[in-house]
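Biologist: I would like to learn how to read some features of a model. Please take them one at a time, with the general idea before the case.

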Amino acid sequence: MINEKMIKLGSSRSVIRELFEYGKILKEKIGEDKVFDFTLGNPSVPCPDEVNKYASKVILEDSSVHAYTSAQGDLAVRKAIVKYNKDKYGYSLNENLIYMTCGAAAAIKIAFSSIISSDTDEILAVAPFFPEYRVFAETSGAKFNYVKCDEENFLVDFDAFEKAITNNTRGVIINSPNNPSGSVYDEKTIIKISEILDKKQKEYGEPIYLIADEPYREILFDGELCPFIPKYYKNTIICYSYSKALSLPGERIGYLAVSPEADNKENLYFAVMGAGRALGYVCAPSLFQKVLIEHADKTSEIAPYKDNRDILINALEKLNFTCVNPKGAFYLFVKSPIEDAVEFSNIAKTYGLLLVPSDSFGVKGYVRIATCVSKETAVNSIPYFTRLAKDLKMI
Ligand code: PLP
């Protein structure tokens, strides 16, 4: 018999993918220039030339480029990751606690699988959250729960957060810079989260792992900084990816790092390797492991994302839309002018504007605009937003 749960998962596309596919059809019908696809988080800035050139060189010159690596990834790339984080944040990860993955998605799935052992175990997320967390948690056998955020600044509502942690909570996942709100958890927020988790893990006598999903860690604006979470909370598992800041989403390369100070770190790391093995992992793509040995410290240009943010925020605010001002990542989270964001997204669609309703991110009443588009798309969309705002009597 075919697995019903998997049929359901495979046959129901995410809202984001649904809109993206709709956009492709619409472009064929009415022309590319009249459709403004703000759906996917595919970086619009290319990967740096030197990285592409180095990848070509590796393909042509390294005879082991297509070979399997160790399951946890080549030692040299894990050492390069340790060096990068040490130089940037002054904190030493341990290469023997790093596991190379197919992007942050696989790292998160592996992190969840390694800490869930009973069907009463829970993963807690803070809304708004990446919708796939639910899929990764539930297919790891966990209950998925989430807690609302403070909608003033899209950081954590600490009272709600503390109340949501139970003696079944095995892991808490946070994502900063945040998709979809662009908020960046500052040091005060990380300290407070750490204090609450410390208190709760003492109370329940079980570690609560903090899973830091950080694919946007380098995409920051206006001098913003991201605190390096293992410095603040010992039971941290970092899930990092080169998909966004190095513009390599299709290459599927990232890593999971268990904090060197984590409780049960040896067994946790064995569980990480076991969870990878159970996924049929074998190893992360070998070409990009080799590329990162030399380029783990590189990022694509970040300025174009800031420019698009500014172009769109300025235009939308003039039209009386309310936007959260993103400090990082490449999304705008805009308050829906009508209560139902799904209905608003459907209306916007008829203007060629593809905006993702916020419901699947665990928050109602907003739409997400991915600003990782060309500057031309951002600028040319403004007259369409203007017509939409006029028709909704916002101006
Ligand atoms: N986490 C967040 C918050 C994301 O936005 C994404 C991708 O959009 C991922 C994880 C997965 O990224 P990756 O391509 O590295 O698997």
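**Reading the model**

Modeller: Alanine 329 counts as buried because its relative accessibility is 1%; buried means under 20% relative accessible area, exposed over 50%, and partly exposed in between, with a 1.4 Å probe and protein chains only as cover. This is a predicted model, in which local features need pLDDT of at least 70 and side-chain atom pairs count only at pLDDT 80 or more, while totals for chains, interfaces and linings use all residues. Residues are numbered from 1 along each chain as its sequence is written, and side-chain values use heavy atoms, with hydrogens and water left out.

Biologist: Where is alanine 329 found?

Modeller: Helices (H or I, at least four residues) and strands (E, at least two) are DSSP runs numbered from the N terminus. Alanine 329 is in the loop between β11 (323–324) and β12 (331–335). Its phi is positive, about 60°, although alanine 329 is not a glycine.

Biologist: What is phi of valine 282?

Modeller: Phi of valine 282 is near 65°, again a positive value in a residue other than glycine. Valine 282 belongs to the loop between α9 (265–278) and α10. With a relative accessible area of 48%, valine 282 is partly exposed, whereas alanine 329 is buried at 1%.

Biologist: Which residues does a cis peptide bond join, with omega about -10°?

Modeller: That bond links serine 176 to proline 177. Proline 177 is in the loop between β7 (169–175) and α8.

Biologist: With what does the side chain of aspartate 157 make a polar contact?

Modeller: A polar contact is a pair of N or O atoms within 3.5 Å; within protein, one must be able to donate a hydrogen and the other to accept it, and residues adjacent in sequence count only if both atoms are side-chain atoms. For aspartate 157, the partner is the side chain of lysine 148, at 3.0 Å. Aspartate 157 is in the loop between β6 (155–156) and α7 (158–164), and counts as buried because its relative accessibility is 18%.

Biologist: Is glutamine 201 buried or exposed?

Modeller: Glutamine 201 counts as buried, at 8% relative accessibility. The residue is part of helix α8 (residues 187–204). Between its side chain and that of asparagine 235 there is a polar contact of 3.0 Å.

Biologist: How many residues of helix α1 are buried?

Modeller: The count is zero among the eight residues of helix α1 (residues 4–11), which is hardly covered. At the start of α1, a side-chain oxygen of asparagine 3 comes within 2.9 Å of the backbone nitrogen of lysine 5.

Biologist: Which residues around the ligand come nearest?

Modeller: A residue is near a molecule if one of its heavy atoms lies within 4 Å of it. There are 14 residues around the ligand, and Asn179, Asp213, Tyr216, Ser241 and Arg252 come nearest. Helix α5 (residues 103–115) gives the most to this shell, with four residues. By class, the shell has six nonpolar, five polar and three charged residues; Ala, Val, Leu, Ile, Met, Phe, Trp, Tyr, Cys and Pro count as nonpolar, Asp, Glu, Lys and Arg as charged, and the others, Gly among them, as polar.

Biologist: Which polar atoms lie 2.9 Å from an oxygen atom of the ligand?

Modeller: One is a polar backbone atom of alanine 105, and another is a polar side-chain atom of lysine 244. For alanine 104, a polar backbone atom is 2.7 Å from a ligand oxygen. Taken alone, the ligand exposes 400 Å², of which the protein buries 92% (Shrake-Rupley method, 1.4 Å probe).
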